[in-house]
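Me: I have a structure open and would like to go through it piece by piece. Can you take my questions as they come?

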Amino acid sequence: MTENVWILGIHMTKFGKHPDKDTIDLASEAAIAAMRDGGVTIKDMGVLAAGNLMGGSGSIGQQLQKQIGQTGIPVFNVANACATGATALRTAIMAVKAGEADMGLAVGVEKLAGAGLLGAGNRKPDKDTWEPSGRVGAVAALDGRVGTENMPGVFAQVGMEYMYENSYAGTPFELFAKISEKNHAHSTLNPLAAYTKKMSLEQIMGDVMIAYPNTRPMCSANCDGAAAAVVVSDSKLKTLSKEQQRRAVKVKASILTSDPWQEACQVLPDVNTLTRRAAAQAYEQAGIGPEDLDLVELHDCFATAELVHYDNLGLCEPGGAVDFFLSGAPWRDGKRPVNVSGGLQSKGHPIAATGIANIWEVCHHLRGEAGDRQIEGAKVGLAHVIGLGSACGVHVLEKAAA
Amino acid sequence: MATPVAPSGAGRYKQRVTQVPLVDYLVLGDEPHLVARQCTSCGAKFFDRRNACASCGSDAGFDSVDVAREGVLKSYTIVTFAAPGVPVPFVAGVVDCDGTSVRGNVVNVEPDPEHVKLGMKVRLATVPIGTDSAGTEAVGFGFEPVERTAI
């Protein structure tokens, strides 16, 4: 029986524009602060898992070591799109669970401020003569001709598909905008969020439309940021101080899935099946159900995505995501608070950092350190991310027993 | 193939233009339609060149099967911001063609939520893409409403 793994120290930087900090500055800040938060140093780390998508280099882990400590430990440079942070954490946890290290460091970092529309690189201009190329023998670039490559459009379709399958009779646009309204309202209590501005429904619906029904504030905010976590084995934790043990957060489940084949999955990414599977595995591994969750940080890359994940994570009855939202349940004063951090829409989404940043939010509440936005009495939380391609990371975390 | 016809007498006959499909799973001709590659082991359908079946793992091969020309719009978005060079707005969607999901644009309709509706019946339409320097016309596809929607 493998032993439990705990989060000993964890940190996220303020998300936002950091023009004077490079990728390694941000990663170092997060890593050093996470280790300090755990009362340990780089010399205590037996493994490093690191991710960075936009930096262009495959060796973010080693670049980080060259600034904060080259100790010769194994480095896993990981990438799973928006699930990269959770993948880094999963990797460090896996190494500790396997007994190959008693302490590990996971880091995710991104500089994305000013990045603009994601998913759609410049469309290749048409060639002089039509020549088929690629796996569908395309004679010209397909973005805009056969569907859309851009993320707001892809995820708009994901949300609209849910409305179709569940015969929603109301106005989808307004419903999704209300989800965004919730997250922007939540962000006003989060000093680390990139945006902390309350926005009314009218402001959200009246803002620039990117891909109906997603307006600009309904899209995850591109920004710079990093997050890091130190994980430790149960037996090692027991040798540390009472204070370190008191603040450690137990990892009750650490799950990673990829998208299993479904009929339409190569036509429109299926973000549902792999999330449902990850959630089911997580609840089983943790020995809990969704009704036991005191807070959830899920992947609202777009307001249209949040809705489907209420259903995918079992927070509501199958098909019941709209009713769940309209009941007020996912607001911070509701029965199942979702994205009290402000979510990706307002806290921001520096891609590789997000999967550890949402773990940080959950830990912050479980440790009773969330101040103004503390969910009272939080004992168990869930963090979820999805990276297109696809990968889903789900972690269930539990407060240390008194 | 282009078949040049010499002018004769009082008039000139129109040249037949060479057409190529935008993608190889679009078959042009009198009845344009899409074809899918169907796994001979499990029946899963794909539109791209395959190394094996992603559903069952078999590399026994694929049959070419016609896709129904009519379907139901099961999802859509109206893209108003796209990469440079991509004209907007356009409607991107997913159509359920009698059990086969197809990605395509919704065309020949006002690109707004008053005119594009989840669940609307659509049918395959061809869409001119452009003519290259050799005079070859590329033809793409989209899905147009079967009926005009009343507001």
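Reply: A:Ala81 is placed in the loop between E3 and H3 of chain A. Keep in mind that this is a predicted model.

Me: What is the phi of A:Ala81?

Reply: Near 50°, which is a positive value in a residue other than glycine. As a rule, most residues other than glycine have a negative phi.

Me: And is A:Ala81 buried, exposed or partly exposed?

Reply: A:Ala81 counts as partly exposed, because it has 17 C-beta neighbours inside 10 Å and 20 or more would be needed for buried.

Me: Which residue in chain B has a positive phi although it is not a glycine?

Reply: B:Asn108, with a phi of about 55°. B:Asn108 lies in the loop between strand E8 (100–106) and strand E9 (121–131) of chain B. B:Asn108 has 12 C-beta neighbours inside 10 Å, so it counts as exposed.

Me: Where are the cis peptide bonds?

Reply: One joins A:Tyr212 and A:Pro213, with omega about 5°. A:Pro213 is in the loop between E5 and strand E6 (214–215) of chain A. Another runs from A:Gly389 to A:Ser390, with omega near 10°. A:Ser390 sits in the loop between strand E10 (380–387) and strand E11 (391–399) of chain A. For context, most peptide bonds are trans.

Me: Back to H3 of chain A. How many of its residues are buried?

Reply: 12 of the 14 residues in H3(A) are buried, so the helix is mostly covered. Among them are A:Leu89, A:Ile93 and A:Val96, and also A:Arg90.

Me: How far does H3(A) reach from its first C-alpha to its last?

Reply: H3(A), residues 84–97, reaches 20 Å, close to the 20 Å expected at 1.5 Å a residue. Just after this helix, A:Gly99 takes a positive phi of about 80°.

Me: Which helix packs with H10 of chain A, and at what angle?

Reply: Helix H5 (residues 172–187) of chain A packs with H10(A), residues 303–312, at an angle of about 90°, and the axes are 8 Å apart. That angle is why H5(A) is called roughly perpendicular to H10(A).

Me: Which residues meet there?

Reply: From H5(A), A:Phe176, A:Ala177, A:Ile179 and A:Ser180; from H10(A), A:Ala303, A:Thr304, A:Glu306 and A:Leu307. By type, the residues of this contact are 5 nonpolar, 2 polar and 1 charged.

Me: Changing topic: in what order do the strands run in the 9-strand sheet of chain A?

Reply: E3-E2-E4-E7-E1-E8-E11-E10-E9, as an open sheet with mixed pairing. The edge strands are E3 (75–77) and E9 (295–297) of chain A, each pairing on one side only. Neighbouring strands in this sheet are turned by 25° against each other on average, direction ignored.

Me: In what sense do E4 and E7 of chain A pair?

Reply: E4(A), residues 103–111, and E7(A), residues 224–233, pair in the antiparallel sense over 9 bridges. In that pairing, A:Met103 stands opposite A:Val232 in E7(A).

Me: I was also looking at A:Thr257. Is it buried or exposed?

Reply: A:Thr257 counts as buried, because it has 22 C-beta neighbours inside 10 Å. This residue lies in strand E8 (residues 249–258) of chain A. Leaving aside neighbours within four places in sequence, A:Thr257 is in contact with A:Leu274, A:Arg277, A:Ala278 and A:Cys392.

Me: Now chain B. How many helices and strands does it have?

Reply: Chain B has 0 helices and 10 strands. Of its 151 residues, 32% are buried.

Me: And how many residues of chains A and B are in contact with each other?

Reply: 41 residues of chain A are in contact with 46 residues of chain B. On the side of chain A that touches chain B, H4(A) gives the largest share, 7 residues. That side divides into 22 nonpolar, 11 polar and 8 charged residues.

Me: Which strand of chain B pairs with E5(A)?

Reply: Strand E6 (residues 70–79) of chain B, in the antiparallel sense over 2 bridges. There, A:Ala211 stands opposite B:Val79 in E6(B).

Definitions and conventions:
Residues are numbered from 1 along each chain as its sequence is written. Chains are lettered from A and ligands numbered from 1 in the order in which they are written. This is a predicted model: local features need pLDDT of at least 70, side-chain atom pairs count only at pLDDT 80 or more; totals for chains, interfaces and linings use all residues. Two residues are in contact if their C-beta atoms, placed from the backbone, lie within 7 Å. Helices (H or I, at least four residues) and strands (E, at least two) are DSSP runs, numbered from the N terminus. Ala, Val, Leu, Ile, Met, Phe, Trp, Tyr, Cys and Pro count as nonpolar, Asp, Glu, Lys and Arg as charged, and the others, Gly among them, as polar. Two strands pair if DSSP finds at least two bridges between them. Axes are lines fitted to C-alpha atoms, for helices over the stretch in contact, and angles run from 0 to 180 degrees between N-to-C directions. Angles under 35 degrees count as roughly parallel, over 145 as roughly antiparallel, 65 to 115 as roughly perpendicular and the rest as oblique. The expected span of a helix is 1.5 Å times one less than its number of residues.
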